Amino acid sequence: MDTPPANAFAPCPYLPKARSGMNWRDLAQWRDEQGAEFYITALAYGQTLWQQGLSARALLAVDRALYADLNGDEEVLTDYPWPYMSIGWLVHHNPSEVFMGNPRVHYQHLADRVRGDRAEIKKWRAWAAWFIVRTVMPSLPSDPKHAVVEPAFEAINEGLMAHGVPGECRIWQNAVEAVGGL
């Protein structure tokens, strides 16, 4: 059965349909191959968690998709572009009484602390998500104990152009424009 519980959140229109019975193992099976199948699985898991009312965990699952190793021409990106819009939508639609943490701080920390394989693109994707969150919820404070230079739109744009995949920067720009009107 693919229908969420009656008390669940309405689905995010930018994520694929929730899948009944999903859990962390669905992502773990793709540990060594984080391509298109991993990407769509992470997005569906994010939707599944979201519809269960687990906002913070849903955002983490979508983060996993954000870091998928895609080259930009995968068919899945036609139906489900890089999840910048879904991140903005989830943050905007999270009920105030439901814990999501502070996504601004979350992305600030991710961007500044990412290491290892593909670190540059992961850093700029985290900053791009951070910018979306700041646009959607400008009242969220940064982490005063974490000294980091927060980049401007132009720097993120340049980072995505230099390290992202073809078309990704435009997807982010469109999301920034769209969430500015939420």
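Visitor: What is the mean pLDDT of the chain?
Guide: This is a predicted model. The chain has a mean pLDDT of 90, and 95% of its residues reach 70 or more.

Visitor: And which elements have the lowest and the highest mean pLDDT?
Guide: Helix H1, residues 24-28, has the lowest mean among the elements of the chain, at 77, whereas H8 has the highest, at 97.

Visitor: Let us move to H5. How many of its residues are buried?
Guide: Helix H5 covers residues 84-93, and eight of its 10 residues are buried, so the rest of the structure largely encloses this helix.

Visitor: Which ones are they?
Guide: The buried residues of H5 are Tyr84, Met85, Ser86, Ile87, Gly88, Trp89, Leu90 and Val91.

Visitor: What do they pack against?
Guide: The buried residues of H5 pack against helices H2 (36-51), H3 (55-66), H6 (103-113), H7 (119-136), H8 (153-163) and H9 (168-179).

Visitor: Take H7 from that list. At what angle does H5 pack with H7?
Guide: The angle between H5 and H7 is about 40 degrees, and their axes are 9 Å apart. H5 passes H7 in a right-handed crossing.

Visitor: Which residues meet there?
Guide: From H5, Tyr84, Ile87, Gly88, Val91 and His92 take part; they meet Arg125, Ala128, Ala129, Ile132, Val133 and Val136 of H7. By type, the residues of this contact of H5 with H7 divide into eight nonpolar, two polar and one charged.

Visitor: Why do residues three or four places apart point the same way in an α-helix?
Guide: An α-helix has 3.6 residues a turn, so residues at that spacing point the same way.

Visitor: Now H8 and H9. Are they roughly parallel or antiparallel?
Guide: H8 and H9 pack at an angle of about 150 degrees, with 8 Å between their axes. Angles over 145 degrees count as roughly antiparallel, so H8 is roughly antiparallel to H9. H8 passes H9 in a right-handed crossing.

Visitor: What are the contact residues?
Guide: Phe153, Ile156, Asn157, Leu160 and Met161 in H8 meet Glu168, Cys169, Trp172, Gln173 and Val176 in H9. The residues of the contact of H8 with H9 comprise seven nonpolar, two polar and one charged.

Visitor: How far is Asn157 from Gly53?
Guide: The two residues are 104 residues apart along the chain, and 33 Å separates their C-alpha atoms.

Visitor: A new topic: where does Arg118 lie?
Guide: Arg118 is in the loop between H6 and H7. Although Arg118 is not a glycine, it has a positive phi of about 60 degrees. Its relative accessibility of 22% makes Arg118 count as partly exposed.

Visitor: Last one, Ala178. Where is its place?
Guide: Ala178 is in helix H9. Ala178 is partly exposed, at 35% relative accessible area.

Methods. Residues are numbered from 1 along each chain as its sequence is written. This is a predicted model: local features need pLDDT of at least 70, side-chain atom pairs count only at pLDDT 80 or more; totals for chains, interfaces and linings use all residues. Side-chain values use heavy atoms; hydrogens and water are left out. Buried means under 20% relative accessible area, exposed over 50%, partly exposed in between (1.4 Å probe, protein chains only). Helices (H or I, at least four residues) and strands (E, at least two) are DSSP runs, numbered from the N terminus. Contact means heavy atoms within 4.5 Å. pLDDT is the predictor's confidence in each residue, from 0 to 100. Axes are lines fitted to C-alpha atoms, for helices over the stretch in contact, and angles run from 0 to 180 degrees between N-to-C directions. Angles under 35 degrees count as roughly parallel, over 145 as roughly antiparallel, 65 to 115 as roughly perpendicular and the rest as oblique. A crossing is left-handed if the near helix is turned anticlockwise from the far one by less than a right angle, and right-handed if clockwise. Ala, Val, Leu, Ile, Met, Phe, Trp, Tyr, Cys and Pro count as nonpolar, Asp, Glu, Lys and Arg as charged, and the others, Gly among them, as polar.
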